[in-house]
Amino acid sequence: MMRKLNQNESLRVAVVGCGSVARAQHIPNIVRSSKMELHTCVDLNDDVLAKCREVFGAKHIRKNFEDAIADPEVDMICLAATEKLRLPVIRLAAEAGKPVYVEKPLARTLEEMSEIQRVVRASGIPFCVGHNRRASPAMVDAQRIFRQHMEHPKPNPWRWIREAELLPSLPDNGVPSVSVRINDDWYSWKGWVFDKAQAPHGPMLFEMTHFTDVCNWFLEDAPVEVTAVETGMLNMAVIVRYQSGALATIVIGNNGTMGYCKELYELMGNGGYLAVDHMLEVRTAGIDGAPAKIMYPMQHDLHPQIGLEGGVSGWLAKKQAACAEAAAAHDPLLQFTAEPDKGHAHALERFADQIFGHGPEVCGIDSAVLATKVAFAAIRSAHEKRPVLLTEIVP
Ligand SMILES: NC(=O)c1ccc[n+]([C@@H]2O[C@H](COP(=O)([O-])OP(=O)(O)OC[C@H]3O[C@@H](n4cnc5c(N)ncnc54)[C@H](O)[C@@H]3O)[C@@H](O)[C@H]2O)c1
């Protein structure tokens, strides 16, 4: 069993799967945290394990997750292996009563997803899926502003109601519509993405679940039906219809560029508009009391003297300078500067608060299952070339 936690102690974390996202985000975020400490790193690769010990100061390194979970000193598991490793780790952690933070996607198949849901519910362990955008400062503000506007709309004094007496009563009056635009460059992806044994559904699952989760979270509505078109692995468009009549349209273009902002979320509802641009800016119009623009700090800014205005335009100036340096030095890695805060560190911190009992659920099993089901409905819709009801998505 998990030991009894004292509020002054930190959670001793075992990270299982210490690849790119773990070493870029979770491991350094745990090391920096006052609520967690890096206890064990588990990976199959010796070089990776050596880095975990030498660079990040992991106390223990192991090749086998069973021993890490069984270790009485380990309080919590952070599972950041690729999607081929999910249920065996979660099942053992649940049996040991230890909380799990797991990277998305939650599972590779509907059968595995249902079994994970059953195991997590039955054990009652705190559980969090790495839909980290729910913890990004820009997204948190945007979701709060948008929900407030949808639930308590204030009349807009300058709204042009051309012929008030002739306005028909329309069923979708006020009902929101969300547009999600994703610009990515598939040349930057790594090998496992194309390996059907490791990621059988490609980005339609492992990327899409981030965006279906964001739409579910902003709309707080039940997804009913999904229509999707994909032309292969790179271009895809998904429309989700919700119970209220709300629509979410997710467009992913993987033949894009890292030289421009990756994510743009636009929401329209109740005569208002809200955009989250690359998690650097939240812009609004027609929403009473909401600032027209809020800007958010960047992380790892290697160009602090450029783009001082901040926001999207400041970021673009920094990015262009970094891309020029990358080209001159023939080193594409130099293009990375001033990243937006996508919420990785906050998600883990908030999960630690949840475990200690003084914070709400961050992205629990049921929310994650819903986001994953919508992605599976999109996969089936694209494959069968027809709209798919959520009720059809059963193992
Ligand atoms: N939330 C995000 O922003 C975000 C970003 C990138 C990746 N991800 C997700 O994180 C996961 C990992 O992605 P990545 O890009 O870091 O992959 P990666 O290939 O770089 O890392 C995976 C690591 O897991 C290790 N591993 C494989 N099998 C193992 C086992 N049985 N026991 C222990 N370790 C094992 C590998 O050796 C490797 O080091 C994926 O599910 C991906 O979708 C999330």
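How far apart do the C-alpha centres of domain 1 and domain 2 lie? They are separated by 25 Å. This is a predicted model, in which local features need pLDDT of at least 70 and side-chain atom pairs count only at pLDDT 80 or more, while totals for chains, interfaces and linings use all residues. Residues are numbered from 1 along each chain as its sequence is written.

The domain assignment, automatic or taken from a database, gives domain 1 as 11-132 + 346-364 and domain 2 as 134-154 + 170-342 + 373-392. Across the boundary, 14 residues of domain 1 are in contact with 14 residues of domain 2, contact meaning C-beta atoms, placed from the backbone, within 7 Å. Helix α10 (residues 344-356) gives the most to the domain 1 side, with three residues; helices (H or I, at least four residues) and strands (E, at least two) are DSSP runs, numbered from the N terminus.

An open sheet of nine strands runs in the order β14-β13-β12-β11-β7-β10-β9-β8-β15, with mixed pairing; two strands pair if DSSP finds at least two bridges between them. Its edge strands are β14 (293-295) and β15 (388-389). Strands β11 (residues 263-269) and β12 (residues 272-277) pair in the antiparallel sense over six bridges, and Met268 has Tyr273 in β12 as its bridge partner.

Around the ligand there are 24 residues, each with its C-beta atom, placed from the backbone, within 6 Å of the molecule. The closest are Gly17, Gly19, Ser20, Val21 and Glu103. Helix α1 (residues 20-32) gives the most to this shell, with three residues.

Definitions and conventions:
Contact = placed C-beta atoms within 7 Å.
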